[in-house]
Amino acid sequence: MIEVENIHKSFGDTHVLKGISTTFEQGKTNLVIGQSGSGKTVFLKCLLGLFEPEQGNICYNGKYYADLSTDQRRDLRQEMGMVFQGSALFDSMTVEGNVMFPLDMFTRQTKAEMQDRVDFVLERVNLIDAHKKFPSEISGGMKKRVAIARAIVMNPKYLFCDEPNSGLDPKTAILIDNLIQEITKEYNITTVINTHDMNSVMEIGEKILFLKDGFKEWEGTNKEIFKTDNEAVTNFVYSSELFKKVRQMYIEERN
Ligand SMILES: Nc1ncnc2c1ncn2[C@@H]1O[C@H](COP(=O)(O)OP(=O)(O)OP(=O)(O)O)[C@@H](O)[C@H]1O
């Protein structure tokens, strides 16, 4: 579980995060949504420990980040997996080389142990024949699977995903969302996903945090978001014609 308590983050005179408090539970897919510039990436970087808030605190399974020593912070960092926007694979490494990288860097496992773990996670993300391929030889959806395999290879307690669906067609995007949700439940991970994708909100939004201008404007579940009267949320969610029609149908069905 991650508990965020009243965090503020500024860059010079720009006050980006303005007192955000929330809780992300273990085994749930937690989504952070909001318009461009609302502070989602800065927020995710605070969760990752890449930015330290000037005020407030973040608590990881009972441990306050501010109280941790440098060594404890490094240990915590190794409990975090990250799926970057655009996958961020190393082009010069094969698929298995990419997935093995964190094990090679941070563990003392033997080559055989690392290979077993890599084979296991690649199978878990349904990539069986791609071990020896390079990123340039596989599709965008497969790259995301490799990025997910690399993010979970160290058995993380926390999984952070920045726009995991960017650049994918809607069908592949749903498969990737479902894979992240399955893995979250299977390994009881605390997962936080930054997204713009309303399909993700509908499909896997067990908890949704809506940011607006650096404030927490709203939070709730995917069932609640379609019923809320919060104007900022509805303007965001129903910005497309398709979703406006879905809402209309929902209201008509209720009446
Ligand atoms: N390192 C930085 N230095 C100064 N300002 C920054 C820095 N990082 C982000 N900002 C500012 O913080 C604000 C929020 O940016 P952020 O990237 O978190 O938005 P976002 O919600 O993730 O947007 P998008 O959906 O477009 O990725 C922006 O005004 C941005 O210019």
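**A residue and its contacts, then further parts**

Mentor: If neighbours within four places in sequence are left aside, V95 is in contact with L127, A130, H131, K133, I138 and V146. Keep in mind that this is a predicted model. V95 belongs to helix α3, which covers residues 95–106. Is V95 buried or exposed? V95 has 26 other C-beta atoms within 10 Å, and a residue counts as buried at 20 or more, so V95 is buried. Distance in sequence and distance in space can also be set side by side here. From V95 to Q109 there are 14 residues in sequence, and the C-alpha atoms of the two are 19 Å apart.

Next, the ligand. Its surroundings are made up of F11, T14, V16, G34, S36, G37, S38, G39, K40, T41 and V42. Two elements, β2 (14–24) and α1 (40–47), each give two or more residues to this shell. Which element gives the most? α1 does, with 3 residues. Sorted by kind, the shell residues are 3 nonpolar, 7 polar and 1 charged.

α1 deserves a look of its own. The helix is largely enclosed by the rest of the structure, because 6 of its 8 residues are buried. The buried residues in α1 are K40, V42, F43, L44, C46 and L47. Among them, K40 and V42 are also in the shell around the ligand. After α1 comes G49, which has a positive phi, near 80 degrees.

N61 is not a glycine, yet its phi is positive, about 45 degrees. Where does N61 lie? N61 is in the loop between β4 and β5. These two strands form a hairpin with 2 residues between them. N61 is partly exposed, because 13 other C-beta atoms lie within 10 Å, and a residue with 12 or fewer would count as exposed. E163 is the other case: also not a glycine, and also with a positive phi of about 45 degrees. E163 sits in the loop between β7 (158–162) and α6 (170–186).

β5 (residues 63–64) runs antiparallel to β4, and 2 bridges join them. In this pairing Y60 stands opposite K63 in β5. β4 (residues 55–60) also pairs with β1 (residues 2–11), again in the antiparallel sense, this time over 5 bridges. Here V4 stands opposite I58 in β4.

Last, the whole chain and its scores. An unreviewed UniProt entry carries the annotation "domain: ABC transporter" over residues 2–238. Over that range the chain is 38% helix and 25% strand, and the C-alpha atoms at its ends are 29 Å apart. How far does the predictor trust its own coordinates? The protein averages a pLDDT of 92, and 100% of the residues score at least 70. For the model as a whole, ipTM is 0.96 and pTM is 0.91. Where pLDDT is low, predicted coordinates should not be read in detail.

How values were computed: Residues are numbered from 1 along each chain as its sequence is written. This is a predicted model: local features need pLDDT of at least 70, side-chain atom pairs count only at pLDDT 80 or more; totals for chains, interfaces and linings use all residues. A residue is near a molecule or strand if its C-beta atom, placed from the backbone, lies within 6 Å of it. Helices (H or I, at least four residues) and strands (E, at least two) are DSSP runs, numbered from the N terminus. Ala, Val, Leu, Ile, Met, Phe, Trp, Tyr, Cys and Pro count as nonpolar, Asp, Glu, Lys and Arg as charged, and the others, Gly among them, as polar. UniProt positions are given in the numbering used here, feature names are shortened, and annotations may be inferred rather than shown by experiment. pLDDT is the predictor's confidence in each residue, from 0 to 100. Two strands pair if DSSP finds at least two bridges between them. Two residues are in contact if their C-beta atoms, placed from the backbone, lie within 7 Å.
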